[in-house]
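Work through the exercises below with the model open. Try each task before reading its solution.

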Amino acid sequence: MTNLSDARAELARLQRKELELLQELLDVQKAVAAQKVLINELIKTSTPPPFDRLPNELLAQIFLIIRYQRDILARVSRRWRAVIMGTPSIWSAIFLGNYTSSTLLRLHLERSGQAPLTIWLGNYGPELLDVVMVHANRWHTLFITGCTQPCLNQISHLRLPFLEVLHVDLEPDCVDLPLMMYSHAPALKFLRLEGLAEPPPSFNLINGQLSHKSLTRLVLAGMMDSWEFPRDSIHLLALESLVLRIKDPMLLLEAIDAPRLSQFEFSEDYCGDPICRAFRGPRTKFDNVHHIIFAPMLDEPSSQAALNVAKELCQVFNGICHADIEAEYIIPLFSPYKTVDHLDGHRSAIDHWTCLESLEIQGFATVEYDSCEYLMDWFTKRKNWGSESCI
């Protein structure tokens, strides 16, 4: 049994241990305080990382490029969060299909302030479209994909005073609705219509449904072979770039009046072989077009009909200075045919481009021997005439 003296000795030992631990705690607290002072001094004297030295304005521009990661970026630091929350343009891109509730959509639209909006309308709830329609006066860019008919029914009546870009993937029998929107967007500069088929019953060229004063770039893709256009009936006085992936490109080229057109692109669409026929307009109509592009179909070789259309287009656009073509176009463009009005009795379709300065050929690594032979023969002939071009 422990006696009194032993108990008192144990108590004394524990008290000494207590004092030692208290002293150790005081020493640690002093060390912590000293370390904090040291860290503060180092922060004051050290150079911050380069990214942290960027002004807020430049930081906002960087965040704008990667704005689809804005929620993650906002968690990095208080400064980053403040910049992201305080930059309306970071919140101006609205993918309607990403929202499950109108509450979050309204919050993001509120954060976008008065910034121009880019809207993607795909799969979405009807109540979400009502929310963004309130801000139609801020729509700058509009993409409509997926089930387009219900969407177009809802928005075709809207006035869109600042809309500059409109891209619509059409469903059958709804082409009249984007044309109606087209007429309600006086500032429109870029129009892209995919999936064109039959003309709408209400289509009226007399009312100038396809004419526009501010449009600078137009992309049309689809059938359109049953459309009818009087010659020079589509007035696009500001148009600079035209892309046609339609079955009868000559139909549009004969109808279009575009004195400022400088670039033309043709490629085959998935709607069937294009119609190859001669151009029934004046040969000087497109003398201002200096850049031409013959593009391929995605993952498919172009048909012989498309290659024949390209040959005809060489005669439509005589003032070409710069050409970008796929390697599959080499044979139809460079192979010679007999003629009575040429220097050596043979002519290639590309010889119509007497002002050609540069030629870029994509996919050249896969060309056949015949293509290379035609190409080299043409360069030899061109050199003999005293002309040179960049390739």
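This is a predicted model: local features need pLDDT of at least 70, side-chain atom pairs count only at pLDDT 80 or more; totals for chains, interfaces and linings use all residues.

Residues are numbered from 1 along each chain as its sequence is written, and side-chain values use heavy atoms, with hydrogens and water left out.

**Exercise 1. Find the buried residues of helix H4 and say how they are arranged.**

Step 1. Helices (H or I, at least four residues) and strands (E, at least two) are DSSP runs, numbered from the N terminus. Buried means under 20% relative accessible area, exposed over 50%, and partly exposed in between (1.4 Å probe, protein chains only).

Step 2. H4 spans residues 78-85, and its buried residues are Trp 80, Val 83 and Ile 84. Seen down the axis of H4, these fall within an arc of 95 degrees, so they line one face of the helix. The arc is that of the directions from the helix axis to the C-beta atoms.

Step 3. Turn to the face of H4 away from the buried side. Arg 78 and Ala 82 are exposed there.

**Exercise 2. Repeat the analysis for helix H5 (residues 102-111).**

Step 1. The buried residues of H5 are Ser 102, Leu 105, His 108 and Leu 109. Their arc around the axis is only 125 degrees, which puts them on the same side of H5.

Step 2. Thr 103 and Glu 110 are exposed on the face of H5 turned away from its buried side.

**Exercise 3. Trace the pairing of strand E5 (residues 190-196).**

Step 1. Apply the rule: two strands pair if DSSP finds at least two bridges between them.

Step 2. Strand E4 (residues 165-169) runs parallel to E5, joined by five bridges. Leu 166 has Leu 191 as its bridge partner in E5.

Step 3. E5 also pairs with strand E6 (residues 217-222), in the parallel sense, over five bridges. Here Leu 191 stands opposite Leu 218.
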